[in-house]
Amino acid sequence: MELHKLTIHELRDLLKKREVSAVDATRKVLERIDSVDDTIQAFITVDHNKALKQAEEADKLLQSGEGGELCGVPLSIKDVLCTKGIRTTCGSRILETFVPPYDATVVDKLNKSGAVTVGKVAMDEFAMGSTSENCAYRIPKNPWNPEYISGGSSGGSAASVAADECIASLGTDTGGSIRQPASHCGVVGMKPTYGRVSRYGLVAFASSLDQIGPITKDVRDCALLMNVISGYDPKDSTSVKRDVPDYSAALSKGLKGLKIGIPKEYFIQGLDAEVEKAVFNGIDILKEAGAETVEISLPHNDYCVAVYYMIAPAEASSNLARYDGVKYGYRDSSGESLQEMYRNTRSKGFGDEVKRRIVIGTYALSSGYYDAYYKKASQVRTLITEDFSKAYEKCDVIVSPVTPTPAWPIGEKIDDPLSMYLSDILTISANLAGIPGMSVPCGFSSKGLPIGLQFQAAHFQEEKLITTAFNLEQHLDLSPKRPEGL
Amino acid sequence: MKITREELIHVANLANLKLSPEEIGPMRDQLDKILSYVDKLNELDTKNIAPTTHAISIQNAFREDVVRESLDQKDALSNGPQQNGEAFVVPSVI
């Protein structure tokens, strides 16, 4: 049986009935990685021995009728989440040798639920990018067409799920980094509400925007993973003390009475005609399934990219000050003084995009420019957040495309940072406002590349996203679900 | 250009980055484009708008000041590029 192609819930059922073992499933996934990852390039680190050992432990628990929700399920993890004893590079040379002495809270939760970690997946360096081309190790390819980008920054997560190199994955989203690659790779991705999931052990990029979330083969799996990773954590003082609902219960709800808002500002100039068509087809399906639609306005969305590219680099410039060649990672010892050691280490250890953002952020925070750039951006952030509050008075869920276009060929935008940044215009606002967002496959372009549909809801309304997304998935029934012939 | 060559080198220095002569030109061009784009924020009047620093309104998170288990010295030092078993070693400062 092709166990690697299963979803979490399918595999879990077989594991619980003991029709297959966790070791079998893990072996199949590792074989799949061995056979396709030369093409897909999703993994930075694969730890066969550790994965099989975890699987053996899972089998013991399953045998005795114990074991948590994910017991024996092989997952990949974005290489920005600390994994005790497994190298965590953040896609950067500066952390090439970093082996965390502790687990991120989400990794700890996965381990406690019995999950198997098969490896750490590629990403843009420090999650800065929209294509994963800024990875210092390898560039994950789009499994639907390896000439095309997988998206970013969680490109390795989305590619590994779409290529069946794992059963599901965890990614992170600072301006769209879960939703956008999920959309490009034809899988499901959710960025939870800021504070829903602990960020402890997530290597920080922009602390007021970063959030961890699932990338999965279907909506049911997304709900299952949300159940495991959500919740307050005393180790992250920005995580929120609030009960975690059973997200799987939201799957069985219908759409009657649900109001879906269509923001006119999201159907922008430059929106690809095929993307627009697929999204409106999805909206029609939701209407037939009982949802009402209402036109809404998010008048300040056009400013989100400008706001984001001040705030995120400003926070990054501060967060990345810690890479100085002293406590972990790469050190350049060629200079004489401490200052030279810092400078040489950082100048050689960071890639171009990371340096660019550190410089922008330092500039925006520097004396004389702070009010004009950082403060101004933070004020407009308030306006963007207020737009959402007003919109959610009229609707439950906002529907839109995830990205203005399907995936583009590798290399096409790498020399033009601004045009790359503008591709995030439909996902960034959710991070600025802290609201949850989700990407669900809704069709294909004429080139056979996946198109995603985005749902956004008010703070802590992830259940509404799951309900809407599950109804779409059931009624749409796309085929093929994942690329064939890999 | 929104940013002079000298300003760019100054800001990079503040961030402990040394830009090579080949890096300076392209980075200046790219920053100019980005900062010019960000100027569109000035279309908006934000005089009486409070800045957002936190997307979710949360209270300060206090906790009891109690000793808890934490990383031991060996683990904490384990990733240091240069360490002597007791401390990280760096080039002499004085």
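I take helices as DSSP runs of H or I with at least four residues, numbered from the N terminus. The model I am reading is predicted.

**Entry 1: Gly85(B)**

I looked up where Gly85(B) sits. It lies in the segment after α3 (73-77) of chain B. I then checked its partners. Leaving out residues up to four places away in sequence, Gly85(B) touches Gln73(B) and Leu77(B). Gln73(B) is twelve residues from Gly85(B) along the chain, and their C-alpha atoms are separated by 8.1 Å.

**Entry 2: helix α1 of chain A**

I moved to α1, residues 8-16 of chain A. Which of its residues are buried? I found Ile8(A), His9(A), Leu11(A), Arg12(A), Leu14(A) and Leu15(A). After α1(A) comes Arg18(A), with a positive phi near 60°.

**Entry 3: α9 and α11 of chain A**

I looked at how α9 (residues 304-319) meets α11 (residues 352-365) in chain A. Their axes come within 7 Å and cross at roughly 100°. α9(A) is therefore roughly perpendicular to α11(A), since that label covers 65 to 115 degrees. From α9(A), the contact is made by Tyr309(A), Met310(A), Pro313(A), Ala314(A) and Ser317(A). From α11(A), I noted Arg357(A), Ile358(A), Ile360(A), Gly361(A), Thr362(A), Ala364(A) and Leu365(A). By class, the contact has eight nonpolar, three polar and one charged residues.

Technical notes: Residues numbered from 1 in each chain as written. Chains lettered and ligands numbered in written order. Predicted model: local features only at pLDDT ≥ 70, side-chain atom pairs only at ≥ 80, totals over all residues. Heavy atoms only, no water. Axes fitted to C-alpha atoms, helices over the stretch in contact; angles between N-to-C directions. Helix = DSSP H or I, 4+ residues; strand = E, 2+ residues; numbered from the N terminus. Parallel < 35°, antiparallel > 145°, perpendicular 65-115°, else oblique. Contact = heavy atoms within 4.5 Å. Nonpolar A, V, L, I, M, F, W, Y, C, P; charged D, E, K, R; others polar. Buried < 20%, exposed > 50% of the residue type's maximum accessible area, 1.4 Å probe, protein only.
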